[in-house]
Amino acid sequence: MDHYTARKRNEYMEQEEDWDRDLLLDPAWEKQQRKTFTAWCNSHLRKAGTQIENIEEDFRNGLKLMLLLEVISGERLPRPDKGKMRFHKIANVNKALDFIASKGVKLVSIGAEEIVDGNLKMTLGMIWTIILRFAIQDISVEETSAKEGLLLWCQRKTAPYRNVNVQNFHTSWKDGLALCALIHRHRPDLIDYAKLRKDDPIGNLNTAFEVAEKYLDIPKMLDAEDIVNTPKPDEKAIMTYVSCFYHAFAGAEQAETAANRICKVLAVNQENEKLMEEYEKLASELLEWIRRTVPWLENRVGEPSMSAMQRKLEDFRDYRRLHKPPRVQEKCQLEINFNTLQTKLRLSHRPAFMPSEGKLVSDIANAWRGLEQAEKGYEDWLLSEIRRLQRLQHLAEKFQQKASLHEAWTRGKEEMLSQRDYETASLQEVRALLRRHEAFESDLAAHQDRVEHIAALAQELNELDYHEAASVNSRCQAICDQWDNLGTLTQKRRDALERMEKLLETIDQLQLEFARRAAPFNNWLDGAVEDLQDVWLVHSVEETQVRKLVPSRDQMLQEELTRQQVNERLRRQFAAQANAIGPWIQGKVEEVGRLAAGMAGSLEEQMAGLRQQEQNIINYKSNIDRLEGDHQLLQESLVFDNKHTVYSMEHIRVGWEQLLTSIARTINEVENQVLTRDAKGLSQEQLNEFRASFNHFDRGEVEFARIMTMVDPNAAGVVTFQAFIDFMTRETAETDTAEQVVASFKILAGDKNYITAEELRRELPAEQAEYCIRRMAPYKGAGAPAGALDYVAFSSALYGESDL
């Protein structure tokens, strides 16, 4: 005999001993038991189409007693003896008593003769034994069974109700409120509990009796006046009646438990699916942003002007400072969400989440790397393009300046060279014109280098793809054409002057005689010519220009010196900050790494420490923003080199992003450990042991390779502490299984292999019911009505054993 059976038999022996001591039954109790037990027996006998009127008389021949046992047990008893003699009756009662004994009940002091003789007390004792065995023994509530289980069930169900405090099966039920509370708890539509009064016990009891009889199929087994007027109502009568409520609601109780289990499982799946949808949405948005951004970063079509290129640089700065940081956070959040989701799936024994094609964490990492490569190339191109435009601008300005100076010098020269003033000049005047022309030719020869320089500048501007090359070429061509024309005109004028000189010399010979005679006049004439020559030979325009240019040049040099001094100050200002920020970021990255590797204390303490670190990092952000401002000033001043620091703005940005990602990942790891700890009921001591084992993981063990296949299924070569905890606790977590969910659906389906939408809507909350209806496949089995749903396949799919 096993321990359980022995314990149960002892209980019944004790109960029967109680009965023996209780043979002198209180008249009030006897009356209550007679009414209750009769009604209880009839509630079962009517299923066989019969009933009893008098409990001590109608069981005397044993026939209805045997029938009662068959109805309540669902089993067949031996065939009854049909005779009407006393020994036939005793034989039948003995068959009933033997059947009761076969169910593990030891009958003490109850013999067939007393029943056949109509002994009321013995008959009531026997019926109580049957009630105890078949209506109360199998009640089980949270590891408490039989009478204690029934009492605990009543306490749990009536706990929320005012004026109800169930402590026993006698006085706790006298005012009728406990019975009304039991009914209201399961069927709030049947009783308006708020209108009941504690000072109306008879009204309350009768309400409960009438509602139970009319709507719950529980016959009236007690009398309200008897209960109210008895100081201590009969415990057995009350217990018998209350057990009927337990059995009436047991189906609902079972369905409620099944529905609760299904809702709990569905809630896990719904939460996980929500996280999956969020991941897919975030991943899609991030990948779409990268897809849109990369072509912009890969576009290397330059702008013609420096201002347009600087606008591009400004747009890029906005991208780095405003548009990219939120995406860095999104990427980090995406990884965190993914890790948290996988932890939750592992803890609930669901299969790992596999994102849709192209949205794996590795796909996002690859796309991100592509983005950063394009970004680096774009910035390099922007800066080199700005440098090119800066040089072009300088060359263009130089070209314009030299061209303008040259054009100013040549202005009027063609008209001057085209003059025919020598035709009316004397020999002396022609000679003076020749001297002046020689001076001009020297000046013209000196300008040859300037023209060549202008042409060389134009050539360089063409080679560097200057956007206004056409106008430069046009101006340069005009200058060259004019230069050729000046050369031609100069030669023509020289030839004309020389011819005129020869002609006038001949004439002069002829006039010598005349001249000698007119000497005084000639002297005066020569003096006048010389005076005119002095004025003509002074290059007054050029002299004036040179005098003007000297102070202008000095001013330009002074401005350039000031600009370079400002640039140097900006370089030093940026370097001073960068040289402080760079090491600070590096130090923090290393500190977070050390924290992640060797965290001590409880998970809550670790989390508090990490949150403090995170706050310190966030508070430091203003330093980065200030540095960005200085970096912008440098770029606007077209300063791209800085010998005072090894840290570029790009270094600082990348380091800062790495630091933010690192602290967020470390916090997420601790959050996932909290999830695991709470799900698996681990103590801090166990976690500390796991951490110590993890930190000293012996790679030399023979088992190492086998363990690695479990903790590192993707052969990434990296084992996280989270995976290690999962491995160490793989058998400890109690979770629902597909089989349990199938069993729960089977209860809701009334033991059928399929379930209907109507049943789901009746048994489950609306959201969960619709979730099931949307996802359950039609039932393929034979004999099912239209619209029948396959809950077995659905349950398997919840645990990833098939697809939803």
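**View 1. Contacts across the whole chain of this predicted model.** Among the contacts that link residues at least 6 apart in sequence, 73% join residues at least 24 apart. The structure shown is a predicted model, and its secondary structure comes to 29 helices and two strands. Of the 804 residues in the chain, 44% are buried.

**View 2. The predictor's confidence along the chain.** The pLDDT averages 82 over the chain, and 84% of the residues score at least 70.

**View 3. Helices H4 and H7 side by side.** Helix H4 (residues 63-73) and helix H7 (residues 120-136) have axes that come within 11 Å of each other and cross at roughly 10°. Because angles under 35 degrees count as roughly parallel, H4 is described as roughly parallel to H7. On the H4 side, the contact is made by Leu 65, Leu 68, Leu 69, Ile 72 and Ser 73, while H7 contributes Met 126, Ile 127, Ile 130 and Phe 134. Sorted by class, the residues in this contact of H4 with H7 are eight nonpolar and one polar, with no charged residues.

**View 4. The buried residues of helix H4 and the residue that follows.** Within H4, the buried residues are Leu 65, Met 66, Leu 68, Leu 69, Glu 70, Ile 72 and Ser 73. These buried residues pack against three helices, namely H2 (27-45), H5 (86-102) and H7. Just after H4 comes Gly 74, whose phi is positive, at about 75°.

View 5. If neighbours within four places in sequence are left aside, Trp 40 is in contact with Leu 68, Ile 72, Ile 130, Ile 131, Ala 135, Met 221, Thr 240 and Cys 244.

**View 6. Met 122 in helix H7.** Met 122 lies in helix H7. Its relative accessibility is 10%, and because buried means under 20%, Met 122 counts as buried. Along the chain, Met 122 and Ala 112 are ten residues apart, and their C-alpha atoms are separated by 9.5 Å.

**View 7. Asn 567 in helix H19.** Helix H19 spans residues 540-597, and Asn 567 lies in it. With a relative accessibility of 4%, Asn 567 counts as buried. Apart from its neighbours within four places in sequence, Asn 567 is in contact with Leu 634, Ser 637 and Val 639.

How values were computed: Residues numbered from 1 in each chain as written. Predicted model: local features only at pLDDT ≥ 70, side-chain atom pairs only at ≥ 80, totals over all residues. Heavy atoms only, no water. Axes fitted to C-alpha atoms, helices over the stretch in contact; angles between N-to-C directions. Helix = DSSP H or I, 4+ residues; strand = E, 2+ residues; numbered from the N terminus. Parallel < 35°, antiparallel > 145°, perpendicular 65-115°, else oblique. Contact = heavy atoms within 4.5 Å. Nonpolar A, V, L, I, M, F, W, Y, C, P; charged D, E, K, R; others polar. pLDDT = per-residue confidence, 0-100. Buried < 20%, exposed > 50% of the residue type's maximum accessible area, 1.4 Å probe, protein only.
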